Amino acid sequence: MRTPHIALALVLVALSGCARGCTSSRPPINVNPNMDVQPRYEPQAASAFFYDGAEMRAPVPGTVARGELRDLINDAPYWTGKDTSGAFVLEIPMPVTDAVRERGAQRFDIYCAACHDKGGDGKGILFERGKVPTPSFHSDRLRQMPDGQIFDTITNGLGLMPSYRYPIPVADRWAIIVHLRALQARRLERSGGAAPVQTATADQTPADPTPPQQVTP
């Protein structure tokens, strides 16, 4: 009694195998296209909904990421790049390990090399294709610039350079500076020059009394 059912099952299996093995010029039938076509924004896309025209939104001002509650009294140099007098710190206020150096090189290649190129000469792809003027990290001015001032520039932006307050966490900003100093040191070593002395300077820009907190990606 079960023989017809078994035969029918074998025929269906054979037919399905043949159908899967055959090619067709017609597009496949998608019975549920909802997952293929979704009303969503792509990264870096424009938006007519938000006032600034950007669909990627910054965190709400005052947002504090987990583990990044700031003590601006005891740890101000780490969070702001300045000491209690408002002068930029000369050195990186965190331990420099091999992991920090590796992280700094990685983050530099991601965020900085597009403009400054991987060697720090200011000849990145934006300069090559758009002739966007980009300073070299190997000029005397930037060699003498305090680490805290470079940190402040990464945080708040300067000129054509945008602020990286949100995309780059605080620890990664310092790690990038570690890599930047390594690039400068290697260039000086090859050229036989001596490292210039950095000079602490007070901040020349108005202070932000309530800087928005970063959110680690």
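This report walks through the nonpolar core, the aromatic pairs and the charged contacts of the structure above.

The model is predicted, so local features are taken at pLDDT of at least 70 and side-chain atom pairs only at pLDDT 80 or more, while totals for chains, interfaces and linings use all residues. Residues are numbered from 1 along each chain as its sequence is written, and side-chain values use heavy atoms, leaving out hydrogens and water.

**The core**

Let us start inside. A nonpolar core here is a set of buried Ala, Val, Leu, Ile, Met, Phe, Trp, Tyr and Cys residues joined through side-chain atoms within 4.5 Å. Buried means under 20% relative accessible area, exposed over 50%, and partly exposed in between, with a 1.4 Å probe and protein chains only. The largest such core has 23 residues, and the members that touch the most others are I92, F108, I150, I154, W174, I176 and I177. Two or more residues come from each of α3 (98–111), α7 (147–156) and α8 (170–191). Of these, α8 gives the most, with eight residues. Helices (H or I, at least four residues) and strands (E, at least two) are DSSP runs, numbered from the N terminus.

Leaving aside residues up to four places away in sequence, I176 touches G104, R107, F108, C112, I154 and I168, where contact means heavy atoms within 4.5 Å.

**Aromatic rings**

A pair of aromatic rings is described by the distance of the centres and the angle of the planes. Rings of Phe, Tyr and Trp (its six-membered ring) pair if their centres lie within 6.5 Å; planes under 30 degrees apart count as stacked, over 60 as edge-to-face and the rest as tilted. The structure holds five such pairs. One of them joins F49 and F50 edge-to-face, with 5.0 Å between centres and 90° between the planes. F49 is exposed at 69% relative accessibility, whereas F50 is partly exposed at 26%.

Another pair, F151 and W174, is stacked because the ring centres are 4.3 Å apart and the planes lie at 10°. F151 belongs to helix α7 and W174 to helix α8, so this pair ties together parts that are 23 residues apart in sequence.

A charge sits over a ring if NZ of Lys or CZ of Arg is within 6 Å of the ring centre and within 35 degrees of the ring normal. The charged end of R57 sits over F50, 4.1 Å from the ring centre, and K131 lies over the face of F127 at 5.2 Å.

**Salt bridges**

A salt bridge is a side-chain nitrogen of Lys or Arg within 4 Å of a carboxyl oxygen of Asp or Glu. The whole structure has six, among them these:

| Pair | Closest N to O |
|---|---|
| R103 and D172 | 2.8 Å |
| D140 and R143 | 3.0 Å |

The bridge between R103 in helix α3 and D172 in helix α8 links parts of the chain 69 residues apart. R103 is partly exposed at 34%, while D172 is buried at 9%.

R187 in helix α8 reaches D121, which lies in the loop between α4 (113–116) and α5 (125–130), 66 residues apart. R187 is partly exposed at 23%, and D121 is partly exposed at 28%.

D140 and R143 are three residues apart in helix α6 (residues 140–144), so about one helical turn separates them. R143 is buried, with a relative accessible area of 13%.
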